[in-house]
Amino acid sequence: MKPVQRRKWTIRFIFVTVCMALGLLVFNGISHIGSVQAADTPSAKKPLEKAFPSSEKCKRCHLRAFEEWEASAQSRAIVTTPFRVSLDRYLSSADPKEQGLCFRCHAPHSLEYRHELPRFIQEVQSRDPQMDGVGCPQCHLIHSIDEKSHPPLPQFQLGTTIFGGYDKAAQNLAHQSEKIPLYRQSQFCVTCHERMPEASTIPNDLPDWLGPWKQSKAEASGKPCQSCHMPEALDESANGEKIRKVANHSFPGRFGKVRAEAVQLDFTTTVKGDTSEVSVKIDSLVPHNFPLPHPGWSRLVVDLSVLGKNLKRVYNEQRFYERVLGGADGKQTVFDFEAKKVLKDTLMKPEESRIETFTFPTPKDAPSMDVIVTMTYAPLHGPREFLAQVEQEAPLGQKDRAFQTVQIAQKKSNVSLNK
Ligand code: HEC
Ligand code: HEC
Ligand code: HEC
Ligand code: HEC
Ligand code: HEC
């Protein structure tokens with residue numbers, strides 16, 4: 001071998017050795033393969049950080065999935081200001097035994113490490129939690145789902161095996177891989193997206209969040225949640241691996257690409273002398289309730305604006321699609337963990353078609369009017385002191401995402417008024 005070539009080989013050898021060592025280091029904590037521990041005995045368990053390694057550890061080999069996830073809502077599950085502020089409110093009235101309620105979905109490792117709950121709570125309150133909420137292992141260590149419980153309970157298997165949807169995952173030095181059909185089924189997602197668990201402050205007869213999604217056309221035609229919210233593409237599954245089918249990990253929902261497929265919006269305008277009527281037809285293409293009613297302040301706005309002479313707004317009306325909840329005192333509350341009953345429900349049911357009719361005075365002295373119908377996700381709303389606290393604690397203040405409206409669809413038309 002020529003010296004240059006030898007040096008190349010030496011470098012390659014060192015590189016491979018270092019990679020192996022790093023790969024093994026990532027999961028050196030995952031030593032007892034496949035042991036499921038039902039009882040929460042602190043002494044028998046490896047440290048939490050080893051059982052549920054940080055998503056940063058997966059980033060080394062899964063850069064694409066990591067970057068998509070990092071931009072997703074799931075990666076912010078325990079760090080948004082509305083979450084922290086509403087968690088505080090929940091904790092101030094919760095039964096001490098039920099303090100883990102929110103963490104069950106927002107940081108599900110808490111189900112396995114219940115004795116560390118005070119630390120999780122304190123970390124969230126410190127605004128800089130060490131752990132991810134819904135990170136890679138929080139999903140990829142789910143081995144099965146206990147469907148007897150409502151919402152269904154994820155069952156973790158804390159070993160060296162990572163579960164997923166691949167038939168034949170390539171070998172790697174960091175983890176074993178096992179295919180589980182669950183990863184391509186809606187039930188996987190429903191564990192965290194179905195409903196609030198029953199608690200002493202939460203009755204169990206409140207309706208589910210998703211509505212009759214099982215009867216939707218999407219589900220019946222074999223399109224699980226993943227088909228829309230983890231759309232398929234061809235890319236590297238792990239750095240340097242061959243190109244194959246991968247699933248998008250940015251979980252588009254309120255933000256992202258699926259929005260374009262949320263509704264079909266159309267309207268007709270009839271001028272009847274002094275009054276005009278706009279009849280709006282909204283077809284929801286969403287195979288579950290829309291919007292989903294958790295958190296309790298979540299709602300859509302259908303806004304009608306009419307512009308008359310010089311594009312001046314002469315009429316405006318808004319309708320809300322939401323689940324209005326009532327607390328123990330019978331008064332309206334936006335906190336679903338304080339809700340005792342539903343006062344009003346105008347959520348769009350799965351794949352529902354709805355007609356909204358608006359009547360308003362026909363603008364005078366204008367040759368035509370512009371009719372604009374807009375559907376948006378509404379910004380955060382609720383009691384004044386709650387909004388003030390969120391604004392005060394959010395690093396961006398009023399500019400926090402929670403205060404922004406997000407447009408879903410819009411349609412405009414110019415209607416001639418020449419008689
Ligand atoms: C371990 C619990 C858990 C599982 C399992 C889970 N999610 Fe989520 N998901 C969450 C939480 C918590 C949030 C909200 C994060 C936040 O914004 O605070 C969320 C947010 C989302 C969002 C964004 C919502 C928005 O308003 O834009 C989408 C979309 C989503 N999840 C889809 C899915 C799909 C599809 C699956 C199944 C492949 C799934 N989730 C499985 C807990 C989970
Ligand atoms: C059954 C699982 C589950 C439980 C329990 C749960 N959440 Fe959520 N939470 C979710 C999911 C899923 C989303 C995303 C919802 C969506 O966009 O449709 C979410 C979204 C949120 C959001 C809006 C996103 C954000 O981070 O700002 C807030 C706030 C929130 N939850 C607060 C709470 C609080 C407080 C509790 C406890 C009282 C709680 N949640 C309990 C699953 C849960
Ligand atoms: C909310 C749950 C959830 C989270 C969080 C999550 N995944 Fe996934 N992941 C899934 C599901 C479900 C599939 C299977 C999707 C399918 O086949 O339709 C999957 C598939 C994969 C795959 C194989 C297909 C592909 O897209 O390459 C890899 C690799 C993967 N995930 C890595 C990661 C990494 C790394 C992270 C963290 C950065 C992560 N996942 C976070 C649920 C999740
Ligand atoms: C040393 C590199 C390396 C590290 C670190 C690593 N992986 Fe992987 N992973 C791979 C390779 C290689 C594959 C096989 C990809 C293929 O077959 O296309 C894979 C496959 C997967 C799959 C698909 C498994 C299946 O059966 O569907 C998932 C999910 C996954 N990894 C998640 C993770 C998570 C979560 C972490 C962090 C806890 C992680 N990986 C850390 C290299 C790594
Ligand atoms: C046929 C495609 C499709 C399927 C299947 C589907 N969704 Fe959606 N989902 C949507 C669309 C479209 C939206 C609205 C997005 C928007 O307007 O930004 C949405 C919104 C969401 C949101 C954001 C919150 C909200 O209120 O809009 C979450 C969370 C979500 N879906 C979870 C799920 C879960 C869990 C399943 C499986 C039970 C599922 N979705 C199945 C299309 C789908």
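Student: Of the 26 residues around ligand 5, which come nearest?
Tutor: This is a predicted model, in which local features need pLDDT of at least 70, side-chain atom pairs count only at pLDDT 80 or more, and totals for chains, interfaces and linings use all residues. Residues are numbered from 1 along each chain as its sequence is written, while chains are lettered from A and ligands numbered from 1 in the order in which they are written. A residue is near a molecule or strand if its C-beta atom, placed from the backbone, lies within 6 Å of it. Of the 26 residues around ligand 5, those that come nearest are C225, C228, G253, R259 and P291.

Student: Which elements give two or more residues to the shell around ligand 5?
Tutor: Elements here are DSSP runs numbered from the N terminus, with helices being H or I of at least four residues and strands E of at least two. The elements that give two or more residues to this shell are α9 (186-193) and α11 (225-229).

Student: How many residues of the shell around ligand 5 are charged?
Tutor: The classes are nonpolar (Ala, Val, Leu, Ile, Met, Phe, Trp, Tyr, Cys and Pro), charged (Asp, Glu, Lys and Arg) and polar (the others, Gly among them). The shell around ligand 5 has 16 nonpolar and 6 polar residues, and its charged residues number 4.

Student: Which element gives the largest share of the shell around ligand 1?
Tutor: Of the 25 residues around ligand 1, C189, C192, H229, G253 and R254 come nearest. At least two residues of the shell are supplied by each of α6 (103-106), α8 (136-140), α9 and α11. The largest share, 5 residues, comes from α9.

Student: Why does ligand 2 lie between two domains, and which are they?
Tutor: Of the 22 residues around ligand 2, T80, F83, C102, C105 and L292 come nearest, and the elements giving two or more residues to its shell are α5, α6 and α9. The largest share, 5 residues, comes from α5. Domain bounds come from an automatic or database domain assignment. The shell lies between two domains because residues are given to it by both domain 1 (3-196) and domain 2 (258-416).

Student: Against which helices do the buried residues of α5 pack?
Tutor: A residue is buried if 20 or more other C-beta atoms lie within 10 Å of its own, exposed if 12 or fewer, and partly exposed in between, with C-beta atoms placed from the backbone. In α5 (residues 81-93), the buried residues are T81, P82, R84, V85, S86, L87 and Y90. These buried residues pack against α7 (117-125) and α12 (384-393).

Student: Which residue of β13 does L325 stand opposite?
Tutor: An open sheet is formed by 3 strands in the order β12-β11-β13, with antiparallel pairing, where two strands pair if DSSP finds at least two bridges between them. Strand β11 (residues 323-326) and β13 pair over 4 bridges. In β13, the residue opposite L325 is V342.

Student: Is V334 buried or exposed?
Tutor: V334 is found in the loop between β12 and β13. Not counting residues up to four places away in sequence, V334 touches G296, W297, H381 and G382, contact meaning that C-beta atoms, placed from the backbone, lie within 7 Å. Because V334 has 21 C-beta neighbours inside 10 Å, it counts as buried.

Conventions. The expected span of a helix is 1.5 Å times one less than its number of residues. Two residues are in contact if their C-beta atoms, placed from the backbone, lie within 7 Å.
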